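Open the model in your viewer and get ready to select residues by number. Which places deserve a stop?

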Amino acid sequence: ELPPLPFVLGFCGPGGALTTTGGGVVLHLVPRPGGVAEGRRPVTVRTDHSIFAIHHATGFEDPPEADGSQRLTLFTAAWPDVRPGPFLGDWGGAFPIYDDGRIKPTQLMRTTVDIGPPGADGAMETTAVRETVLGGACIDHPHVDPRFDGDSRCRYTYQTWSNGLFDGEGESISGSPPIGWCRYDRITGDAERWVAPAGCFCEEPVIIPKSGCSERVPSDAVDEAQAWLAGMMFDPSRDTSCLAILDCEDIAAGPVCKLWLRQHVPHGLHGCWIEGVSYFDHNDP
């Protein structure tokens, strides 16, 4: 098994619970009990990144250097530019209005935190660099193969796709509803996507390892996209929803199957996969 990660990494947004100031986010690094950083002081990293982090895909550490310095990497879906005002003030009304770029896109961002060697007093110098990846496309709900979560061998992130990157346009300037799923290769920077039929809307993906979620990968294994992507999709032409299953090795090929439900499923957030557990009564017609 992998050793415990040295830190719990969290973002504190640029403002209070209901308002935003437009200031930079603060990263908090808290040493984990039983980890290699146990006994070290918590680290606070102040930045000028006026983003609002929504969903984290994964984070991992590089091996410590001989002097004790270390690098942490975090992949996050975030709004790239948060202005002062009420939280989600751009959305307005009973539902989001995406016209004319009023709602900023959520983009996949890589934050690299360099932690310097501990000084005589135990304090550590830190720097944080933020980069927008995946061509600046509008995405959300990024996930990784759970066997590689928190592991530097993790190669791919999977997320909903809304607009940008594949359309010959530059970095997305507007949010929009998710209409497909895409895969990002953090090693090569390449991406591939599948777009749902016109009018369909796609939900957050759940990544299911092909060889079983409970099985730990060997220490010499690499992330080769050996997983399934499962996501809910609403089709207005049928007025119902389906669970779409895609092969993570070939996202662009689209669903290998669609499991249609008897009715539509309201927009929802955050699912999970539990191996070998059924909550259905198989005697129920």
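This is a predicted model: local features need pLDDT of at least 70, side-chain atom pairs count only at pLDDT 80 or more; totals for chains, interfaces and linings use all residues.

Stop 1: Side chains of opposite charge can pair when their charged atoms come close. Select arginine 71 and aspartate 114. Their side chains meet in a salt bridge, 2.7 Å from N to O. Arginine 71 sits in strand β6, and aspartate 114 in strand β8. The two are 43 residues apart, so the pair links distant parts of the chain. Arginine 71 is partly exposed at 38% relative accessibility. Aspartate 114 is partly exposed too, at 25%.

**Stop 2: a buried pair.** Now select aspartate 145 and arginine 147. Their closest N and O atoms are 2.6 Å apart, in a salt bridge. Are these residues buried or exposed? Aspartate 145 has 1% relative accessibility, and under 20% counts as buried, so aspartate 145 is buried. Arginine 147 is buried as well, at 9%.

Stop 3: Select lysine 210 and glutamate 249. This salt bridge has its closest N and O atoms 2.7 Å apart. Lysine 210 lies in the loop between β15 and β16, glutamate 249 in the loop between β17 and β18. The whole structure holds eight salt bridges.

**Stop 4: two leucines.** Select leucine 134, in the loop between β9 and β10. Its phi is near 60 degrees, a positive value in a residue other than glycine. Leucine 134 is buried, at 3%. Finish at leucine 165, in the loop between β11 and β12. Here phi is near 70 degrees, again positive. Leucine 165 is partly exposed, at 30%.

Conventions
Residues are numbered from 1 along each chain as its sequence is written. Side-chain values use heavy atoms; hydrogens and water are left out. Helices (H or I, at least four residues) and strands (E, at least two) are DSSP runs, numbered from the N terminus. Buried means under 20% relative accessible area, exposed over 50%, partly exposed in between (1.4 Å probe, protein chains only). A salt bridge is a side-chain nitrogen of Lys or Arg within 4 Å of a carboxyl oxygen of Asp or Glu.
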